[in-house]
Amino acid sequence: MFVTLVHVKVREGHIEDFIRASTLNHRASIKEEGNLRFDVLQDREDPSCFILYEAYESKEAAAKHKETEHYLRWKETVAPWMAEALKGVPYDGLLP
């Protein structure tokens, strides 16, 4: 299993916009072939901080995600709202 934790910091005033855009991306992403999980997590103490937990069957399936229309639309939409550059950290999923 190929997992990426994407760390996101959103500018104030755009948190709800980011959640709306990410909801659309999430709904399409979980339908992708090879997708195992696509969670959007919001920090309880700092609501401008998010983690996207993306789990795919393989590195190739994760790479195909970045070619989808919904991902490209999401990336373009949220770019102006970023307080910091997105940081994706890859992991090997061991369990389950």
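I looked up the contacts of Glu54 (heavy atoms within 4.5 Å). Leaving aside neighbours within four places in sequence, Glu54 touches Phe2, Val3, Thr4, Val6, Arg37, Phe38 and His65.

I noted the basis. This is a predicted model, where local features need pLDDT of at least 70, side-chain atom pairs count only at pLDDT 80 or more, and totals for chains, interfaces and linings use all residues. Residues are numbered from 1 along each chain as its sequence is written, and side-chain values use heavy atoms, with hydrogens and water left out.

I placed Glu54 in strand E3, residues 49-56. Strands are DSSP runs of E of at least two residues and helices are runs of H or I of at least four, numbered from the N terminus.

Is Glu54 buried or exposed? Glu54 is buried (under 20% relative accessible area; exposed is over 50%, partly exposed in between; 1.4 Å probe, protein chains only). Glu54 has no salt bridge (a side-chain nitrogen of Lys or Arg within 4 Å of a carboxyl oxygen of Asp or Glu). The nearest side chain of opposite charge is Lys66, 6.3 Å away. Lys and Arg count as positive, Asp and Glu as negative; His and the chain ends are not counted.

I then checked the salt bridges; the structure holds 4. Among them, Asp46 pairs with Lys9 at 2.8 Å, N to O. Asp46 lies in the loop between E2 (35-42) and E3, and Lys9 in E1 (residues 2-9), so the pair ties together parts 37 residues apart in sequence.

I also found Arg73 with Glu69 at 3.0 Å, N to O. Both lie in helix H3 (residues 69-78), 4 residues apart. Arg73 is partly exposed at 45%; Glu69 is exposed at 61%.
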